[in-house]
Amino acid sequence: MPSSDRIREHAGQGATTVAAHRARRRLRADQARQLADILRRQLLTGGFPAGTLPHESSLADDYRASRNTVRQALDLLRAEGLVERLPGVGTVVVAQKYPHGLDRLMGLAETLHEHGHVTNEVRTMGPVAAPAPVADRLQVQAGADVLYIERLRRLGGVPLSLDLTYIPLDVGADLLGADLENTDVFRLLEALTGQRLGHAEITLEAVNADAHSAAVLEAPRGAALLMLERLTHLADGRPVDLEFIRFRGDRISMGGLLHRSL
């Protein structure tokens, strides 16, 4: 075989070896991600009551995975701030996510009452001219004054969310003297209007923390946040509360019960 042909053949074999190696790495990465998803669920639902995960070899046996795959999965969870490896101890749970339901219309303090006391730092509060999209959602005249509230919400002193709220001024004016630091706006709205809240339209998406949000929430700049946009209506159908809520994605998990309907 001419030397040039041997070179091409060897190069082809090398390319095949590199491709196979990359395929194995991709497969291991896929398996690590799958295992991380399973372990994450257990971490967040008390599946490791002692706070320590089983040894890597036990996890490898339990999930029929290689030790490298297990290590890679734990690295993913460590990067999320959920676990940490301690010398002589092993991999331990170091963070907790609080459940926030999406199937009931409740304020944050109502939702998390079993986990501690929610406090609100009112950072900004006062009338502002309603931007056209806000006015449209609240069914008020464009440019009309609405009450704007910006709150940093904490659970046990730990920042959870940054809430931006718009309320029609004929309702919101009475909130100016209310105890917003310790009371959900939902409860106050029901007391002021004499009506129960009826329903809400919500949109949930992931956004990256801008410099301002990151500083207020004490999160890394660019960290993943859960953005909940919620337009809440009174029982008579009137829209009364438009909120843009940025939750720390590493401290809140969203869940709900869905029924199939065609």
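Arg 151, Arg 153, Asp 163, Asp 184, Arg 230 and Glu 243 are linked in a network of salt bridges, a salt bridge being a side-chain nitrogen of Lys or Arg within 4 Å of a carboxyl oxygen of Asp or Glu. The model is predicted, and local features need pLDDT of at least 70, side-chain atom pairs count only at pLDDT 80 or more, and totals for chains, interfaces and linings use all residues. Residues are numbered from 1 along each chain as its sequence is written, and side-chain values use heavy atoms, with hydrogens and water left out.

Over the whole structure, 21 salt bridges are found. Arg 40 and Asp 37 form a salt bridge with an N to O distance of 2.7 Å. These two residues are three residues apart in helix 1, and therefore separated by about one helical turn; helices (H or I, at least four residues) and strands (E, at least two) are DSSP runs, numbered from the N terminus. Asp 37 is partly exposed, at 41% relative accessibility, where buried means under 20% relative accessible area, exposed over 50%, and partly exposed in between (1.4 Å probe, protein chains only). A salt bridge also joins Glu 56 and Arg 71, at 3.1 Å from N to O. Glu 56 belongs to helix 2 and Arg 71 to helix 3 (residues 67-79), so this pair ties together parts that are 15 residues apart in sequence. Glu 56 is buried, at 11% relative accessibility, whereas Arg 71 is partly exposed, at 35%. In the salt bridge between Arg 187 and Glu 110, the closest N and O atoms are 3.3 Å apart. Here distant parts of the chain are linked, with Arg 187 in helix 7 and Glu 110 in helix 4, 77 residues apart.

Two cavities of 30 Å³ or more are found in the whole structure. On a 1 Å grid over the protein atoms alone, a cavity is a set of points where a 1.4 Å probe fits but cannot get out, and a pocket is an open set with protein on both sides within 12 Å along at least five of seven lines; lining residues have an atom within 4 Å of a point. Grid points are joined across faces, edges and corners, and a volume is the space filled by probe spheres set on the points. The largest cavity holds about 60 Å³ of space, and its lining includes His 100, Met 106, Arg 153, Asp 163 and Arg 230. Strand 6 (158-168), strand 8 and strand 9 (239-248) give two or more residues to this lining. The second largest cavity holds about 40 Å³. Among the residues that line the second largest cavity are Arg 151, Arg 153, Asp 184, Arg 230 and Glu 243.

The largest pocket contains about 450 Å³ of space. It is lined by 22 residues, of which Pro 99, His 100, Gly 101, His 115 and Ser 253 are the closest to its centre. At least two lining residues of the largest pocket come from each of helix 1 (3-44), strand 3 (98-101), helix 4 (108-111) and strand 10 (252-255). For the second largest pocket the space is about 270 Å³. Its lining has 14 residues, and Lys 97, Leu 226, Gly 249, Asp 250 and Ile 252 are the closest to the centre.

Thr 45 lies in the loop between helix 1 and helix 2 (56-62). Thr 45 and Pro 99 are 54 residues apart in sequence, with their C-alpha atoms 9.6 Å apart in space.
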